[in-house]
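I opened a notebook to keep track of what I looked up, one topic at a time. The entries below are in the order in which I made them.

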Amino acid sequence: DTAVSQTPKYLVTQMGNDKSIKCEQNLGHDTMYWYKQDSKKFLKIMFSYNNKELIINETVPNRFSPKSPDKAHLNLHINSLELGDSAVYFCASSLALAGSFEQYFGPGTRLTVT
Amino acid sequence: KQEVTQIPAALSVPEGENLVLNCSFTDSAIYNLQWFRQDPGKGLTSLLLIQSSQREQTSGRLNASLDKSSGRSTLYIAASQPGDSATYLCAVRGSQGNLIFGKGTKLSVKP
């Protein structure tokens with residue numbers, strides 16, 4: 001009964017490959033997010049979606065493309081992977097965009113690009 | 001642009017001490033503030049959520065305060081234990097719904 005789940009947990013791939021990370025929440029939330037935690041452990045927003053609509057695209061290279069097939073899912077596809085993409089990617093959700101709701105985080109996906 | 005700063009970056013204390021972690025933010029127009037804990041190689045565990053209209057929240061040995069007008073929050077940990085060793089992250093919720101994080105305080109509690 002995990003609230004926010006991500007797959008895979010670990011992803012090791014070579015430069016130039018294309019990969020996807022999946023996120024699902026079973027909380028009935030409207031809003032979902034992708035955050036990136038870099039090698040210095042700094043967490044920063046990448047994207048947010050509300051009811052399947054893109055709200056935030058925070059100066060992320062267009063090699064990153066989020067897709068939200070429904071409110072419960074927000075997947076992250078990355079094309080032409082680069083060494084600098086190595087990081088931990090966290091998915092999160094909150095009840096709604098407006099208002100002051102708590103965010104719930106998934107366990108993270110550790111991406112290593114070699 | 002909202003910026004969140006956490007001081008100190010690292011802290012080492014003997015078991016049993018009470019301690020305070022500090023968080024400051026530059027724009028007082030926040031919706032709420034969350035404190036998280038992150039263990040090495042793990043995800044984020046939400047500890048406390050303080051709404052912008054609140055002054056403090058308590059959970060067990062943890063107490064978080066918020067002074068929105070001065071852009072500051074503190075996380076007080078009473079009677080620290082080795083199991084409290086982790087990185088503590090402060091984050092404020094902005095107008096677009098996303099969280100803006102500080103760089104964290106790495107806490108080590110020595111037995």
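What follows are my notes on the model, its disulfides, its sheets, the contact between the chains and the salt bridges.

**Ground rules.** I am working with a predicted model, in which local features need pLDDT of at least 70 and side-chain atom pairs count only at pLDDT 80 or more, while totals for chains, interfaces and linings use all residues. Residues are numbered from 1 along each chain as its sequence is written, chains are lettered from A and ligands numbered from 1 in the order in which they are written, and side-chain values use heavy atoms, with hydrogens and water left out.

**Disulfides.** I looked first for disulfides, taking a disulfide as a pair of cysteine sulfur atoms within 2.5 Å, and found two over all chains. In chain A, Cys23(A) is joined to Cys91(A), with 1.8 Å between the sulfur atoms. The S-S torsion of Cys23(A) and Cys91(A) is about -75°, so I noted this disulfide as left-handed. The pair links distant parts of the chain, since Cys23(A) sits in strand 3 (residues 19-25) of chain A and Cys91(A) in strand 9 (residues 87-94) of chain A, 68 residues apart.

Cys23(A) is buried at 1%, and Cys91(A) is buried at 0%.

In chain B, the disulfide is formed by Cys23(B) and Cys90(B), whose sulfur atoms are 1.9 Å apart. The torsion about the S-S bond of Cys23(B) and Cys90(B) is about -60°, so this disulfide is left-handed. Here too distant parts of the chain are linked: Cys23(B) belongs to strand 3 (residues 19-25) of chain B and Cys90(B) to strand 9 (residues 86-93) of chain B, 67 residues apart. Cys23(B) is buried at 2% relative accessibility, and Cys90(B) is buried at 0%.

**A sheet in chain A.** I next followed the strand pairing, where two strands pair if DSSP finds at least two bridges between them. Four strands of chain A make an open, antiparallel sheet in the order 1-3-8-7. Strand 1 (4-7) and strand 7 (64-70) of chain A are at the edges with a single partner strand each, so one side of each has no neighbour in the sheet. On average, neighbouring strands of this sheet are turned by 20° against each other, direction ignored; the axes are lines fitted to C-alpha atoms (for helices over the stretch in contact), and angles run from 0 to 180 degrees between N-to-C directions. Strand 7 of chain A pairs with strand 8 (residues 73-78) of chain A in the antiparallel sense over five bridges, and I noted that Pro66(A) stands opposite Leu76(A) in strand 8 of chain A.

**A sheet in chain B.** Five strands of chain B form an open, antiparallel sheet in the order 1-3-8-7-6. Its edges are strand 1 (4-7) and strand 6 (56-59) of chain B, each with a single partner strand, so one side of each is left without a neighbour in the sheet. Strand 1 and strand 3 of chain B pair in the antiparallel sense over four bridges. The bridge partner of Gln6(B) in strand 3 of chain B is Cys23(B), a residue of the disulfide with Cys90(B).

**Between the chains.** How many residues does each chain bring to the contact? I counted contact as heavy atoms within 4.5 Å, and 20 residues come from chain A and 21 residues from chain B. The area buried between chain A and chain B is about 1700 Å², with 50% given by carbon and sulfur atoms; buried area is the accessible area (1.4 Å probe) that two parts lose on being put together, summed over both.

**Salt bridges.** A salt bridge is a side-chain nitrogen of Lys or Arg within 4 Å of a carboxyl oxygen of Asp or Glu. In chain A, Lys71(A) and Asp30(A) meet at 2.7 Å, N to O. In chain B, Arg37(B) and Asp39(B) meet at 2.9 Å, N to O; Arg37(B) is buried at 16%, whereas Asp39(B) is partly exposed at 26%.

Key:
Helix = DSSP H or I, 4+ residues; strand = E, 2+ residues; numbered from the N terminus. Buried < 20%, exposed > 50% of the residue type's maximum accessible area, 1.4 Å probe, protein only.
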